[in-house]
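Here are my notes for anyone opening this one for the first time. Have the model in view while you go through them.

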Amino acid sequence: MTSTDLEAQPRTRLEQLEERFAPLFLDIAAGASERDSTRNLPHEQIKGLATAGFGAVRVPESHGGAGATLPELFVLLTSLAAADPNIAQALRGHFAFVEDRLVAPEGAERDAWLGRFAAGELVGNSWTEIGTVALGEVNTKVSPDGSGGFAVTGTKYYSTGSIFADWIDTYAERTDTGQRVIAVVKARQPGVSLGDDWDGFGQRTTGTGTANFAGAAVEPAHVIDFETRFKYQTAFYQGVLLAVLAGSAKSAERDFAAELGARKRTFSHGAAERANDDPQLLQVIGEVSAVAFVAAASVASTAAALEGAYQAALAVHAGELGLEEEEAANDAAELASAQAQIVLTPLVTNALSHAFDALAASATSTAKNLDRHWRNARTAGNHNPWVFKARLVGENAVHGWALPRVWAIGASTSR
């Protein structure tokens, strides 16, 4: 096949999407280090992505989106994370809620949400409670307001992305029925306050902070039974974290390679006259590049398993597949995401620490801010501790036990 023949080939949807968002990703990458150093939240950058339709890439074309598959979405998320992993992380809750609405029963409510996504509206996350909450309990409550609607009261922490969002996906409990629900709350209304009080050493600009709800209004149609939540949600959430790790590795490869390429000073006991020709230092960059490659491949493999779970959900709705087969697809997605997490968390964080071996003491300059790559990856790696996943995967291998797909966090009830 000649080059002319290749040029005549129609571009794939993924190629079109990559070309569409590439200028935005480049602009995002250009300011990522400064935003991290000054903790300047990326309001403008996230708004630009939403306006350009990035939040609707999974929405069907019939509803104004791009109709991307999950493997296509995760390629884009990895590229975004390579530009700024904090922005990819900030959109984690949005894409999870989009996924939930995609597998919801067809009807006016589903269409309304898909239309909101296509119009550029974003959804944040508000699930975690800390402090005195006991394991498995939910202190955030949804109560009838006496006029046909509901009101939400409670405090959530680690509300990643909510400060940028139009809506907040809030996990709560109904006071009238005791039912666990998702209350989708309008972010800009009386009774809602959002803070940027996350104090982690990484992911400084994800907008992760405290969300307070003091009788915030929520429409009846926006109180959703948690039992109907899309079944591969935990694997999906983990998949985004894998994309953050893969993107962090790729951006570190880029920045450390550029630093070594520009470096002329070397040591008398080095292996070359110039640092950028030193085979030992080039080997370090090669090792980081290889980790970035493996990380991206792991994301792609996990995304393929997630696509299998999504297609199984659609097939069940269409009466073409049984629940047992759907459960198997969901279990496969959970296992894939866990296996990838177990490998990538130490692999990427160790590689980003090792990257500094390609340079000298000047690499630790705060002006260069190269440590942000490790800080962001290490912080992402501390979500959903992988050491528990390793045990669960071992139980699966030895006993055939499926991994839990939903779990809770809270204070132990025992001493």
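1. First, the ground rules. This is a predicted model, where local features need pLDDT of at least 70 and side-chain atom pairs count only at pLDDT 80 or more, while totals for chains, interfaces and linings use all residues. Numbering runs from 1 along each chain as its sequence is written, and side-chain values use heavy atoms, leaving out hydrogens and water.

2. Overall build. The protein has twelve helices and eight strands (DSSP runs numbered from the N terminus: H or I of at least four residues for helices, E of at least two for strands). Its radius of gyration is 22 Å, close to the 22 Å that the globule rule gives for 415 residues, so it is as compact as a globular protein of that length. That radius is taken over C-alpha atoms, and the rule is 2.2 Å times the number of residues to the power 0.38. Along the principal axes, the C-alpha atoms fill a box of roughly 80 × 60 × 50 Å.

3. A helix pair to look at. Helix α6 (residues 92–102) and helix α7 (residues 108–118) have axes that come within 9 Å and cross at roughly 145° (axes are lines fitted to C-alpha atoms over the stretch in contact, with angles from 0 to 180 degrees between N-to-C directions). On the α6 side, the contact is made by His94, Phe97, Val98, Arg101 and Leu102; α7 brings Arg110, Trp113, Leu114 and Phe117. Contact here means heavy atoms within 4.5 Å. Sorted by class, that gives six nonpolar, one polar and two charged residues (nonpolar: Ala, Val, Leu, Ile, Met, Phe, Trp, Tyr, Cys and Pro; charged: Asp, Glu, Lys and Arg; polar: the others, Gly among them).

4. Volume is the space filled by probe spheres set on the points, which are joined across faces, edges and corners. Of the 13 lining residues of the largest cavity, Ala32, Asp84, Pro85, Arg372 and Asn376 are closest to its centre.

5. Open space. The second largest pocket has about 340 Å³; a pocket is an open set with protein on both sides within 12 Å along at least five of seven lines. Val103, Ala104, Pro105, Thr228 and His317 lie nearest its centre, out of 22 lining residues. Helices α6 and α7 turn up again here: along with α9 (279–317) and α10 (323–354), each supplies at least two residues of the lining.

Conventions: 1 Å grid on protein atoms, 1.4 Å probe; cavity = no way out; pocket = protein on both sides within 12 Å on 5 of 7 lines; lining within 4 Å.
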